[in-house]
Amino acid sequence: MTAGGVSRLTIRAVVNGRPRELDVPTHALLLDVLRDDLDLKGAKRSCDSQVCGACTVLVDGLAVSACTYLAVEADGRAIVTVEGLADGDALHPIQEAFIEAGAVQCGFCTAGMLLTARALLAENPTPTREQILHSLRGSLCRCTGYRKIVDAMEARHGARVEERPGSAGTRRTFGGEGAMSGPPATPTTPEERPGSAGARRTFGGEGAMSGPPATPTTPEERPGSAGARRTFGGVGAMSGPPLKWIGRSVRRVDALEKVTGRARYVTDLVVPGMLHARVLRSPHAHARLARVDATRARALPGVVAVLTGADLTWCDPYCGPAFRDRPILAIDVARFEGEPVAAVAALDEATAEAALDLIDVDYAPQPAAITLEEALAPGAPLVHTGEPLAGHFADLSSLKPEPGTNVCHRFRFARGDAAAALAGADLVVEDTYRFPAVQHYAMEPHAAVAAWDETGSLTVWASTQNPYSVRVELAKMFGAPLSRIRVVVPHLGGGFGSKTYAKLEPLTAALAHVARRPVRLAISAAEAFQTVRRCSARVAMRVGFRRDGALVAVECDAQYDVGAYADIGPRVVQKATYTATGPYRVPHVALGAAAVYTHTTPGGAFRGFGVPQLAWALESLFDVAADRLGRDPVDLRRDNLLGHGEEFAPGDTPIDGKYEESLGRAAEAIGWTQALAADRGRGVAAMLKASIGPSVSEAIVRLHADGSVTVLASAVEMGQGTRTVLSQIAAEVLAVPLERVTVVPPDTAITPYDQTTSSSRSTTMTGRAVQVAAEDVREQLLRVAADALGLPARDLALEDGAVVSAVQRLTYPEILALRFGMSGGELIGRGVVAPGRSAAPLGGSTPFWEMAVGAAEVSIDEETGAVKVERYVSVADVGRAVNPLVLEGQDEGGVVQGLGHTLLEEMVYTDGHLVNGTLLLYRVPRADDVPALACRFVENADGAGPFGAKGAGEGSLIPVSPAVANALARLTGVRLRDLPLTPERVWRALRARKDPETHAGEPS
Amino acid sequence: MLRPFALHRPGTAEEACALLATLGEDAAPYAGGTELLLLMKLGLLRPRHLVDVKRLAGFDVITDGGSLTLGAAVTHRAVERSPLVAARCPLVAAVARHVANVRVRNVGTVGGNLAFADPHSDLATLFLTLDAIVQLVSPRGRRELALADFTRGAWETARAADELLASVRLTPWPQGTAAVYVKFGVHERPTLGVALALVLDASRARVTEARVAVGCVDPRPVRVPSVEARLRGVAVPELEDVAGAIGELAAAAVEPDDDLHGSADYKREMVAVFVRRALRIAAGRARGASTPIPQFPHAVIA
Ligand SMILES: Cc1cc2nc3c(=O)[nH]c(=O)nc-3n(C[C@H](O)[C@H](O)[C@H](O)COP(=O)(O)OP(=O)(O)OC[C@H]3O[C@@H](n4cnc5c(N)ncnc54)[C@H](O)[C@@H]3O)c2cc1C
């Protein structure tokens, strides 16, 4: 090479065993060359800063971050990507181990994890646990909580051979199989309205269920120990056929495509003719846009379209599920740092990026309200001045901003006379608790590809948790009928609420419209910090008790910071506040909360939907009260738990769980009554959360001529395992092998309506719709077979892909041939779950109550203030674990995400600027932060979902903060009220305790 | 995404320096790129020429003379694995294992770390206690500078634009020196680094000399002469008695600011805590005690 320097080079590399010659620009990153030139999409771009590991590939056996590595460096080297791990169809043992251990969820981190593991194991086939954790120092996962990933890496070298695979698919059998009884085959009509009287019984066969539930066998819990001891009412009284698929930890149906890197996410899609978009964002928290001039950008060769707020005259530029207060691009004023001001679509991303520099914007910075205090102060700068339009969410029509203030919605809920009850209480504990703004960091940043066709129809491939909400939004904005808007969701790389409601889709569609070509917009993880976050909150609570420990009243005054646009914030606030009293019986309540606009990133939905903020206060105060009353915190909680069947609020679903079991098991598992080392503290906390009510799920199940099954449903697979669970439900009802069931990814042109994949509702609601649809097919099968065999349908049953009587057997293909002749045809079943509005305070009854208990054991480094969670137990009342391994993975991930906001995470604003809006500076939990962790389930088959299931997945996160803080308080006597419990914050509190004179009044 | 640039791959330092001299501000030395490419992706640096230093003769070798010389283009991983480093400066190898994450270690270099002069560098802190001397090469020839003089402040060095960092020379401690490196913090980069070495007399009874450096809390790491002086001559069994005072002395020697890593007073206190702890661990090592190294949350001990 000459010293003159080159801007292109021909490189020769062996990629996954295959020699390749590539001509690449010197500035090309290896990640882009692999993904774009070689179509190896397994390596993902996430943090884009070498922190997360999603882009890991091996270069001559060494792991590198392909996102920050020049492609020219690969010259003469051997590259291995995830696509090269398997040998043809034979998976690499580490891929097998990941599947078996349940280490795969959304799949976005999986390639990087596998390659990191492979590099470690190649060098050291028998790593210690310390070495495994050390190797994962730069590998982030937001779904699994890491435990199963570490398990898989340990299993690889034989430490857990007994857990290793036997046969395919169904080999992992958890105790209880065969001992299991299911509900009787209750014929149900395709359409049912569980909200209406009488229908609740069929909604999951409540009361008809018995028999021991499937007991997950986890490393620490073997059949015959704690789990298997549990019995439930009516054991033996039940006669249903044993369940074949429900309650078993079958392999995830999407595991194979995820461990091989074949799973496609929105960022991986290539649509012919597609342009690439980049967004220009406001550098100011609040500024008037004096001038936005894109002339120079438009003139740049390769730029096809530039859009500014002023250009959006041809559509309705406003969107938002609560209030339509958010323009696609800032119009006249930018209301938060990072707000999109202009966007460019160009032939490639580099051109689009370069064009951003050519957009001239004159900002006139305005005073900003960054904190709740600033936003609520008299004379505060107003985030919005005009009256926003109502959003598309019918239930939210009651929401109302308070003109002239930054209060965008206020919610009040009262029962009894809280003031009087508090005045008469023997003990009142009160304090103000703060919860930080935190970032979801779903590892896949938001992405969308939009294309309009010649008929004026719009297709958007979107990373969204609710394609149908996005569709409504797009239809409104672009004035198109719903039928002409198609939203398709391939694999989703994590959501946690960040991908609910329209995010990038309106802007991408608008760009595609003006460019008259398909447009792809994929933002960075740093831009995700400017897209949505959890609503931070300040919660003042007063809780009154009688001397005997009975809770008499709760008064709550909360403010949630919803940022610059309402998004779903008002709904977060009202729904969470409604259950501010947790799983307890409280005769007198006065609950109030305000959603407050600030000049910060919009706050929206995030796992727990506002409840973590309130549980932080209530559950902390519970322990304060226990202390003052001289009561044991577990006992005090038990005394006040709502009972099964008890009313939560008039008109709402009665309590559907036996909460004392969850509390008891959590206490038992943490060893609550057992001796504790002097340097440890234990704490417990509980939570109750409502799901969305009313909400609608519909499903279609098709039985094909060969006896295979297609499930059409719009629950989004985002790591939680919904495709697997829906497959299990269909396979169970139709008695077919799991491999014969295919669940079609959501596509509003094909898969029927589903309200949203959030609120822990999919197994219960979508699952129920699938169950009903499958039952519809079953009824049809029985009818045809009964006719053919001349037997009453009641003498027939479904078994192994056939309808059988005592003596005869007709396979499904035979039945379909009887029904349709030899030419084919299929049976189509329909399932609708549509509970409708109710007299419940929020206008709809929750389909189930999600309840969970957490128990923590912590230690403290008193000199540094560093808290270490040594052990953690989560017990969730799930009714029935359809897939225990998948569910365990969900809850482990929830606990670890909870540890994030408890100990580490907080979006920090200084002088109006977010100062840690990248993964280099925003610290999420890593593998070595994970305590000894056990997630358990109470399964009484008392849920409204299929086979008695009820929602899960959010519950485990919510008790984490108070459980840890309660443990810390019991260990040190210090009570913290602000999260996260950073070492410095704890250190200050400890210092103030030791030396109250000098440090009085210091913030804790 | 990177903006286009021309890549130069000279074979000798002289050629590389000549290039830097010609290209001036438009050029940047490029090693592993773990810092450089990151900043270029963000548009914070926009060099139009990168001069690759990885192929420069002698840049990627580790050599042993009276001292241990690490070529600028030696990766953290190579340091971690080098038998030579393990033999001559075992603590350097141990610390290399804990720099960043495995991918950054596989690619990032010693020279890149020092030349970037991020205030949160483990290497810079540790190397101060090894009396590190950096060798710089430029069209004007070679020069040597003490690392302490090379690192001027946060992201600021004495390197001229046409100068390259060729290597860093470490003066290994005498055999049997009891040393430790501790880093602490919840963030991606350390909040605090403490390197402490106790040179012992032949009978391992007394400290003849001490080297102590504290990093990450000031714009650049510092040696702490007051602590070193206080430790000189202390009998090993008495180290425990001075631990508290040593910590306080170290804390008095730093000037932290408030930032994302913490408030100034917290950081100052952590300096006291971890210097004290480092001394205790080193004292244990001096005694040859086989007591397990204590574990502290969010702290790494090498
Ligand atoms: C995620 C992450 C975590 C990290 N954590 C830690 C940590 O815990 N502790 C720690 O100590 N460090 C840490 N680092 C820093 C890491 O050690 C450095 O990124 C790495 O060593 C830099 O080497 P490089 O070869 O990649 O440098 P490059 O990125 O190639 O260069 C860095 C800078 O040095 C200049 N340069 C490079 N080589 C020379 C040379 N020979 N002469 C003159 N100038 C030169 C370049 O022009 C550039 O300005 C971390 C980095 C990352 C990205």
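Student: Two strands pair if DSSP finds at least two bridges between them. Taking that as given, what is the strand order in the open sheet of 3 strands in chain A?

Tutor: The order is 32-33-34, and the pairing is antiparallel. Strands are DSSP runs of E with at least two residues, helices are runs of H or I with at least four, and both are numbered from the N terminus. This is a predicted model, in which local features need pLDDT of at least 70 and side-chain atom pairs count only at pLDDT 80 or more, whereas totals for chains, interfaces and linings use all residues. Residues are numbered from 1 along each chain as its sequence is written, chains are lettered from A and ligands numbered from 1 in the order in which they are written, and side-chain values use heavy atoms, leaving out hydrogens and water.

Student: Which strands of that sheet are at the edge?

Tutor: Strand 32 (797–799) and strand 34 (809–811) of chain A are the edge strands, each pairing on one side only. From one strand to the next, the twist averages 30 degrees. Angles of this kind run from 0 to 180 degrees between N-to-C directions, with axes fitted as lines to C-alpha atoms, for helices over the stretch in contact.

Student: How many bridges join strand 32 to strand 33 of chain A?

Tutor: There are 3 bridges between strand 32 and strand 33 (residues 802–804) of chain A, and the two run antiparallel. Within this part of the sheet, Glu799(A) stands opposite Ala802(A).

Student: And which helix packs on this sheet, touching strand 32, strand 33 and strand 34 of chain A?

Tutor: Helix 20 (residues 762–789) of chain A does, and its direction makes about 110 degrees with that of strand 32 of chain A. Contact here means heavy atoms within 4.5 Å. Helix 21 (residues 812–820) of chain A also lies across strand 32, strand 33 and strand 34 of chain A, running at about 80 degrees to strand 34.

Student: Moving on, what is the order of the open sheet of 5 strands in chain A?

Tutor: That order is 17-26-25-24-18, with mixed pairing. Strand 17 (407–415) and strand 18 (427–435) of chain A stand at the edges with a single partner strand each, so one side of each is left without a neighbour in the sheet. The twist in this sheet averages 5 degrees from one strand to the next. Strand 17 of chain A is joined by 8 bridges to strand 26 (residues 588–597) of chain A, running antiparallel, and Val407(A) stands opposite Val596(A) in strand 26.

Student: Which side chain has a polar atom 2.6 Å from an oxygen atom of the ligand?

Tutor: One is Thr34(B), and Thr109(B) also has a side-chain N or O atom 2.6 Å from a ligand oxygen. A backbone N or O atom of Gly32(B) lies 2.7 Å from an oxygen atom of the ligand. Such a polar contact is a pair of N or O atoms within 3.5 Å; within protein, one must be able to donate a hydrogen and the other to accept it, and residues adjacent in sequence count only if both atoms are side-chain atoms.

Student: Last topic: where is Pro694(A) found?

Tutor: Pro694(A) is in the loop between strand 28 (681–690) and strand 29 (697–703) of chain A. The peptide bond from Gly693(A) to Pro694(A) is cis, with omega near -10 degrees.
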